[in-house]
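Dear colleague,

Please find below the structure for your review.

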Amino acid sequence: MDTKRRKFLKIAGAAALAGIGAPAIVKLTSSAALASEAVQHETAAHGEVAAATGVRLGMVIDMRKFAEQPELLDQAIAACNKVHNIPHFPNDRKNEIKWIWKAPYANVFPELESIHKSEMAKKAPFAVLCNHCDNPSCVKACPTKATFVQPENGIVGMDFHRCIGCRFCMAACPYGARSFNWQDPRPFIDTYNAEFPTRMRGVVEKCNFCGERLALGLEPACVEVAKSAGAMVFGDLNDPDSEIRKVLDKEFTIQRNPAAGTKPSVYYIV
């Protein structure tokens, strides 16, 4: 692991474990940092969420690479499911829990639909997950602060213990990136991971950018699987020298439903 990656993972790992408990925040010591935190809280109180400063984590998904290796997306999804104790309900789409999943181009980018599409857009399944937006509508809609923005890195986390199952966040999310546990998911976990908490019936859940892995200096599970092929790049969007910024500076990318005004941090190369 090179020095730059170590530095990034060290900073990212200082964040609270997204989705494990209440949003514990690394203490900010400088007066400037304290002022920034005060602005964050004041802005949130007025129904808006300020964009994160400092480290801002994001992801680039290169669909060209996934199209070249169709099995790679299945492997990335399987890695996420295993790490996060995501249940598998056989032949039951209603109860399906999705953190990262496959969807057709027409569903992912309906506003970009056209009559004459490339073969990849016609046939290849696209990787879909929570967009960890700068201006997340889900956070504004949640009455209990069960979903929140981590100011250290911009991750939109979930505190499962505070979720009351109202599903307001699901209705507010323009990307359909949240799932609801209609029944107890625990009996349907294929391989139990004792290092990540299971959920219960009546709780909403979603991708957390593997905040618990970042805290240990690891990359997200899906990225770990797909990075060798260059299909996923993860890093600090605010660092001009980061790998993800170099990719964004070089490649033309698109985002899901930019008209929604949520400012997603997930970018696609199509």
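**Pocket, cavities, sheet and salt bridges**

The largest pocket holds about 550 Å³ of space. Please note that this is a predicted model. The lining of the largest pocket is made up of 22 residues, and those nearest its centre are Ile-77, Asn-81, His-88, Glu-96 and Ile-97. Helix H4 (70-83) and strand S2 (100-103) are the elements that each contribute two or more residues to this lining. H4 supplies the largest share, with five residues. By residue class, the lining of the largest pocket comprises 10 nonpolar, four polar and eight charged residues.

The volume of the largest cavity is about 100 Å³. Its lining consists of 15 residues, and Cys-130, Cys-133, Cys-138, Cys-173 and Tyr-175 lie nearest the centre. Nine residues of the lining of the largest cavity are nonpolar, four are polar and two are charged.

The next item is a sheet. Three strands, in the order S8-S1-S9, form an open sheet with mixed pairing. Strand S8 (232-236) and strand S9 (266-269) are at the edges and have a single partner strand each, so one side of each is left without a neighbour in the sheet. From one strand to the next, the twist averages 20 degrees. Strand S1 (residues 57-62) and S8 run antiparallel and are joined by five bridges. Within this pair of strands, Ile-61 stands opposite Met-232 in S8. Helix H11 (residues 243-250) packs on the sheet and touches S1, S8 and S9. The direction of H11 makes about 115 degrees with that of S8.

Finally, how many salt bridges does the structure hold? There are seven salt bridges. In one of them, the side chains of Asp-134 and Arg-56 meet at 2.4 Å, N to O. This pair links distant parts of the chain, as the two residues are 78 residues apart. Asp-134 is in the loop between strand S3 (126-129) and helix H7 (137-141), whereas Arg-56 is in the loop between helix H2 (31-45) and S1. In general, side chains of opposite charge can pair when their charged atoms come close.

With kind regards

Terms used:
Residues are numbered from 1 along each chain as its sequence is written. This is a predicted model: local features need pLDDT of at least 70, side-chain atom pairs count only at pLDDT 80 or more; totals for chains, interfaces and linings use all residues. Side-chain values use heavy atoms; hydrogens and water are left out. Two strands pair if DSSP finds at least two bridges between them. Helices (H or I, at least four residues) and strands (E, at least two) are DSSP runs, numbered from the N terminus. Axes are lines fitted to C-alpha atoms, for helices over the stretch in contact, and angles run from 0 to 180 degrees between N-to-C directions. Contact means heavy atoms within 4.5 Å. On a 1 Å grid over the protein atoms alone, a cavity is a set of points where a 1.4 Å probe fits but cannot get out, and a pocket is an open set with protein on both sides within 12 Å along at least five of seven lines; lining residues have an atom within 4 Å of a point. Grid points are joined across faces, edges and corners, and a volume is the space filled by probe spheres set on the points. Ala, Val, Leu, Ile, Met, Phe, Trp, Tyr, Cys and Pro count as nonpolar, Asp, Glu, Lys and Arg as charged, and the others, Gly among them, as polar. A salt bridge is a side-chain nitrogen of Lys or Arg within 4 Å of a carboxyl oxygen of Asp or Glu.
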